[in-house]
Amino acid sequence: MRIMYNALALLDKRSGKLVTSLAGVDHEVSAYNRDDMPVVYDEKSQMAYASFADTANGCASGGCTQIVAFDIAAKKVKWRLPVDRSVSDIAVADDTVFFTRNNWQLVSVNAITGKVQWTWAAPKGMENPYIV
């Protein structure tokens, strides 16, 4: 999957052919830029998750971000979660979206509702931790 300015394209992983697309999905956020992350797709739920720099709302690039959940079957954005820091390392498992914020916090979000379930902060003295 990849972001094309204002659309989400779902490509077949074996052939590279376009399966479906969602036009205008990021109309409230900036176009793709260096702070945006690749899209993570969950085949089981047919949901895709990505983070975008929210420059449309007056935030400096990387200053505020949002996680966006795309419902591929319904061809619409299901939820958006504003995040006060840059985001990296999005992963999905068992109806949970995980991501790290640039202050060394791991965040767990319900993949269906977009509600934060818990956060974990690296203890003082632990810099740049690998989180498993």
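## Strands β10 and β11

Strand β10 (residues 105-110) is joined to β11 by five bridges, and the two run antiparallel. Strands here are DSSP runs of E of at least two residues, numbered from the N terminus. Valine 109 stands opposite valine 116 in β11.

## The sheet

Four strands form an open sheet in the order β8-β9-β10-β11, with antiparallel pairing. The edge strands, each pairing on one side only, are β8 (87-93) and β11 (116-121). Two strands pair if DSSP finds at least two bridges between them. On average, neighbouring strands of this sheet are turned by 15° against each other, direction ignored; the axes are lines fitted to C-alpha atoms, with angles from 0 to 180 degrees between N-to-C directions.

## Model and confidence

This is a predicted model, in which local features need pLDDT of at least 70 and side-chain atom pairs count only at pLDDT 80 or more, while totals for chains, interfaces and linings use all residues. Residues are numbered from 1 along each chain as its sequence is written, and side-chain values use heavy atoms, with hydrogens and water left out.

The chain averages a pLDDT of 75 (the predictor's confidence in each residue, from 0 to 100). Over residues 26-35 pLDDT stays under 50. Where pLDDT is low, the predicted coordinates should not be read in detail.

## Threonine 20

Threonine 20 lies in strand β3 (residues 18-23). Threonine 20 is buried, with a relative accessible area of 14% (buried means under 20%, exposed over 50%, partly exposed in between; 1.4 Å probe, protein chains only). Not counting residues up to four places away in sequence, threonine 20 touches Leu8, Ala9, Leu10, Ile72 and Lys75, contact meaning heavy atoms within 4.5 Å.
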